[in-house]
Amino acid sequence: MTDLKVFAGDSFFYPIQDNSYLCFKVLEPSDRERFLEGFKNLSPQSIYHRFFGVVKELSEKQLTELLNTDRRNNVAWAAFDIINNEPFGIGVGRFKRSPTVPEEAELALTVIDEYQNRGAGTVLLGIMYHLGILLDIKVFTGLIMSDNSRLIRRFIDLGADMKRVGTEYEMRLPLFKDFNQFPRTRYAQLVKPVLTFLEDNNFCG
């Protein structure tokens with residue numbers, strides 16, 4: 001296993017469960033084509049869980065909002081696998097600060113099906129959690145479809161409060177600056193090393 005290498009605060013490599021390394025970087029407008037290619041690799045179920053309905057393609061308005069981030073109120077990072085020296089987009093983590101409650105932000109995570117349950121989403125969540133703390137976010141909010149039981153369990157393991165509303169759950173996840181406050185659940189202990197790595201490297205500090 002090679003040493004982890006951090007690049008100027010804007011990208012870094014981190015291993016997932018099979019010990020292959022993914023590149024994680026700030027999502028930028030220049031990633032547009034790779035972002036669209038990644039969207040095409042989402043299954044109908046993954047699209048349904050992310051967009052709460054059938055979406056065949058993203059509108060220009062959606063693309064503009066997703067790609068034009070400001071690194072403070074609208075934050076997004078992407079995960080790439082490097083295949084034959086070419087980056088292949090496999091996931092995005094993002095949060096958007098509430099305009100009325102600035103200490104809260106809506107969180108969203110998306111990973112293409114081939115890479116789900118291999119650790120990519122956990123790293124993206126760790127990045128969002130870390131940046132949320134740096135940017136004075138106290139609570140992540142979000143909506144999760146009630147049939148997305150795996151994701152619901154993971155957020156509960158991290159200490160989230162879940163409220164059932166129709167076919168969805170309203171999620172509220174408090175962010176702990178002190179990692180010793182982390183729940184002693186299996187999933188929380190998987191996220192913790194990512195946060196420790198980011199903090200130890202003064203990531204985006």
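**Figure 1. The salt bridge between K138 and E103.** K138 forms a salt bridge with E103, and the closest nitrogen and oxygen atoms are 3.8 Å apart in this model, which is predicted. The pair links distant parts of the chain, since K138 sits in the loop between α4 and β7 (139–145) whereas E103 sits in the loop between β5 and β6 (104–111), 35 residues apart. K138 is partly exposed, with a relative accessible area of 37%, and E103 is likewise partly exposed, at 43%.

**Figure 2. The salt bridge between K96 and E65.** In this view K96 and E65 are joined by a salt bridge whose closest N and O atoms are 2.8 Å apart.

Figure 3. The structure holds 10 salt bridges, one of which brings together the side chains of R71 and E28 at 4.0 Å, N to O. This pair also links distant parts of the chain, with R71 in the loop between α3 (60–67) and β4 and E28 in the loop between β3 and α1 (32–40), 43 residues apart. R71 counts as partly exposed because its relative accessibility is 42%, and E28 counts as partly exposed because its relative accessibility is 29%. Through salt bridges that share partners, K25, E28, D31, R34 and R71 are joined into one network.

**Figure 4. Aromatic pairs around F12.** The count of aromatic pairs comes to 10. For F12 and F24 the ring centres are 5.5 Å apart and the planes lie at 20 degrees, so this pair is stacked. The pair links distant parts of the chain, with F12 in strand β2 (residues 11–15) and F24 in strand β3 (residues 21–26), 12 residues apart. F12 is buried, with a relative accessible area of 0%, and F24 also counts as buried at 0% relative accessibility. F12 forms a further aromatic pair with W77, which is tilted, with 6.3 Å from centre to centre and 45 degrees between the planes. Because F12 lies in strand β2 and W77 in strand β4 (residues 74–83), this pair ties together parts that are 65 residues apart in sequence. Both F12 and W77 are buried, and ring pairs link F12, Y14, F24, W77 and F197 into a cluster.

**Figure 5. The nonpolar cores and the surroundings of F155.** The largest nonpolar core has 50 residues, and those with the most contacts inside it are F24, F95 and F155. Helix α4 (residues 120–134) gives the most to this core, contributing 9 residues. When neighbours within four places in sequence are left aside, F155 is in contact with L107, L109, L125, I144, A160, M162, M171 and L173. A second, separate core of 10 residues includes C23, L27, F35 and F80.

**Figure 6. The protein as context for the close-up views.** The protein has 6 helices and 9 strands, and 47% of its 205 residues count as buried. Among contacts with a separation of 6 or more, 59% are accounted for by residues 24 or more positions apart. The accessible surface comes to about 11100 Å², of which 49% belongs to carbon and sulfur atoms.

Technical notes
Residues numbered from 1 in each chain as written. Predicted model: local features only at pLDDT ≥ 70, side-chain atom pairs only at ≥ 80, totals over all residues. Heavy atoms only, no water. Phe/Tyr/Trp six-rings, centres within 6.5 Å; stacked < 30°, edge-to-face > 60°. Helix = DSSP H or I, 4+ residues; strand = E, 2+ residues; numbered from the N terminus. Buried < 20%, exposed > 50% of the residue type's maximum accessible area, 1.4 Å probe, protein only. Contact = heavy atoms within 4.5 Å. Areas by Shrake-Rupley, 256 points an atom, 1.4 Å probe, with all protein chains shown as cover. Core = buried A, V, L, I, M, F, W, Y, C linked by side-chain atoms within 4.5 Å.
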